[in-house]
Amino acid sequence: MAAPSLVLDASTGAPLHAQLAEALRGAILAGRLAPGTRLSSTRALAEQLDVSRNTVLNAFARLLAEGYLVGHTGSGTYVARELPERLLAVRHAPAAPTPARHVDPRALSKRGAAVASVPPLAAPAEGMAPGRMAFRMGVPALDAFPSELWGRLLHNRWQRSWRDLLSHIPAAGHLPLRRAVADYLATARGVRCVPEQVLIVNGTQQALSLTAQVLLDVGDAAWVEDPGYSPAHGALIAAGATRVPVPVDAEGLDVEAGLRLAPHARLAIVTPAHQFPLGVVMSERRRRALLAWAAREEAWVLEDDYDSEFRYVGRPPPALQGLTAEARVLYTGTFSKVLSPALRLGYLVVPESLVDAFSTARVFVDRHSASLEQAVLTDFITQGHFSRHVRRMRVLYAARQEALVEAARRELRGLVDVSPLHTGMHLVGWLPEGVDDRAASAKAAQAGLQAFALSAFQLQGRPRGALLLGYACVPEEELAEGVSRLARALR
Ligand SMILES: Cc1ncc(COP(=O)(O)O)c(C=O)c1O
């Protein structure tokens with residue numbers, strides 16, 4: 001070997017064999033050691049560099065394993081003719097494409113074009129995520145995330161069981177987590193289920209997609225709340241189903257209107273504990289009517305219980321799912337609201353007769369949710385941290401809601417009418433009659449605020465304009481400051 005200058009430095013603290021491997025790899029990649037070059041013997045190189053022969057043997061072993069070197073018994077060690085970098089790359093790397101600004105609908109299937117036309121709830125661009133921008137909706141208090149505790153649980157869990165965590169797990173999820181969720185749902189939400197009925201999913205969004213995929217045929221009608229949660233519509237459209245917008249009033253989804261519009265629909269997607277986005281609680285009368293319809297039509301109800309943990313006054317209304325022994329209700333909830341939406345963990349409780357079909361369908365989507373996060377979450381729940389965290393967040397959110405209402409009463413009089421709600425993570429700020437909420441939302445955006453227009457979630461009719469004001473992720477003083485800015489923007 002025409003030895004390239006290899007400099008090792010014992011004072012850096014990095015093991016010498018690692019330094020040598022790094023230096024050789026660098027020389028190979030830079031072309032100073034050409035493919036096919038025969039390396040000096042380990043003994044000679046050790047002498048030349050004044051290190052032990054073991055150091056050289058270890059460095060060679062690493063580069064042999066990585067594919068930079070090849071060894072021929074008896075005839076020495078050579079720089080590989082095909083470097084691993086080449087084998088990992090395509091033959092002609094194309095130039096990086098410029099990001100598409102809009103989608104050409106002619107390139108898509110009809111279904112693809114329909115899906116792409118559903119406005120997504122604005123997700124922050126990579127790297128800018130101001131988790132606590134006023135009045136971001138649906139994001140929990142990331143400033144109060146128990147990060148040290150989570151880090152400790154993560155570390156402990158990895159140390160104890162990393163080998164198990166590297167293998168596939170059943171599509172339905174980590175069984176101890178399914179047990180923990182089943183226990184929690186029975187006590188906190190009155191859900192009737194055994195752990196086997198609980199499927200761990202990548203958030204409510206996946207529960208919606210799987211439900212549409214497994215239970216609906218192309219063209220089937222599904223009732224959706226109007227106004228309602230538009231990402232649910234995306235899931236229906238992706239499955240080729242037809243949305244039937246059903247109006248919502250002070251009692252929640254108007255079941256009688258649904259019966260008039262599409263009596264034979266196959267599915268109804270509802271948010272009974274806290275209607276999204278209006279925040280109303282579905283009345284007992286409507287709940288019974290909805291369940292009776294599902295039983296009569298052998299249709300399904302998907303209950304999205306998305307932020308039911310946050311009830312500030314009185315006891316929460318129990319889940320619709322637990323009201324009936326008839327197995328027509330699928331129930332979904334999420335850890336996005338209690339912990340973080342980036343965890344992508346939620347649950348879907350299905351009737352026993354559907355467990356196998358849903359588990360199999362899940363295999364074909366993405367096999368299962370990440371097992372390390374599931375295991376850590378299990379520890380978080382079973383060690384009592386989950387209920388403690390929910391209790392702390394209830395107090396924090398109640399204070400944040402109060403701060404928002406007070407600031408709004410002081411500064412938004414005549415501009416936005418904000419009333420408190422007993423539940424949830426956002427409030428509805430009603431605009432004066434005739435004021436266009438999309439224009440108001442655009443003005444708020446210019447002032448650096450996120451305040452969705454209610455009408456953006458409405459499919460039919462023109463509701464009175466309103467801005468949706470999230471408060472959970474924003475500290476009180478920033479809420480007050482946001483309200484001042486909103487007042488200036490709207491004036
Ligand atoms: C009505 C509703 N359902 C569900 C979710 C949670 O979705 P995911 O669990 O997919 O993060 C949200 C979040 O904003 C929501 O508003």
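Which residue forms a salt bridge with E481? This tour of a predicted model begins at that pair and then moves through the rest of the protein.

**Stop 1: E481 and its partner**

Select E481 and R485. These two residues form a salt bridge, and their closest N and O atoms are 3.3 Å apart. Both belong to helix α16, which spans residues 476–490. They are separated by 4 residues, about one turn of the helix. E481 has a relative accessibility of 39% and counts as partly exposed. R485, at 25%, is likewise classed as partly exposed.

**Stop 2: the whole protein**

Now display the complete chain. Of its 491 residues, 50% count as buried. The protein contains 16 helices and 14 strands. Taken along the principal axes, its C-alpha atoms fill a box of roughly 90 × 55 × 55 Å.

Colour the chain by domain next. The domain assignment gives domain 1 (10–88), domain 2 (145–387) and domain 3 (395–490). Between the C-alpha centres of domain 1 and domain 3 the distance is 63 Å.

**Stop 3: the ligand**

The surrounding residues are G203, T204, Q205, Y229, F276, D304, Y306, T334, S336, K337 and R344. By class, this shell consists of 3 nonpolar, 5 polar and 3 charged residues. Helix α8 (residues 203–215) supplies the largest share of the shell, with 3 residues.

Which distances separate the ligand from the side chains of T334, K337 and R344? Draw them one at a time:

- T334 places a polar side-chain atom 2.6 Å from an oxygen atom of the ligand.
- K337 has an N or O atom in its side chain that is 2.6 Å from an oxygen atom of the ligand.
- R344 has a side-chain N or O atom 2.8 Å from an oxygen atom of the ligand.

On its own, the ligand has 400 Å² of accessible area, and the protein covers 91% of this area.

**Stop 4**

Select R189 and D305. A salt bridge joins R189 to D305, with the closest N and O atoms 2.6 Å apart. The pair links distant parts of the chain, since the two residues are 116 residues apart. R189 lies in helix α7 (residues 175–189), whereas D305 is in the loop between β8 (300–304) and β9 (329–334).

Are these two residues buried or exposed? R189 counts as buried because its relative accessibility is 3%, and the cut-off for buried is under 20%. D305 is also buried, with a relative accessible area of 2%.

**Stop 5**

Move to helix α12, residues 355–366, and select R362 and D366. Their side chains meet in a salt bridge, at 2.6 Å from N to O. Within this helix the two residues are 4 residues apart, about one turn. R362 counts as buried, at 2% relative accessibility, whereas D366 is partly exposed, with a relative accessible area of 29%.

**Stop 6: a network of salt bridges**

Finally, select E22, R25 and E66. These three residues are linked in a network of salt bridges. How many salt bridges are counted in the protein? The count comes to 12 salt bridges. Among the pairs visited on this tour are R189 with D305, R362 with D366, and E481 with R485.

Methods
Residues numbered from 1 in each chain as written. Predicted model: local features only at pLDDT ≥ 70, side-chain atom pairs only at ≥ 80, totals over all residues. Heavy atoms only, no water. Near = heavy atom within 4 Å. Polar contact = N/O pair within 3.5 Å; in protein donor to acceptor, adjacent residues only side chain to side chain. Areas by Shrake-Rupley, 256 points an atom, 1.4 Å probe, with all protein chains shown as cover. Nonpolar A, V, L, I, M, F, W, Y, C, P; charged D, E, K, R; others polar. Domains from an automatic or database assignment. Salt bridge = Lys/Arg side-chain N within 4 Å of Asp/Glu carboxyl O. Buried < 20%, exposed > 50% of the residue type's maximum accessible area, 1.4 Å probe, protein only.
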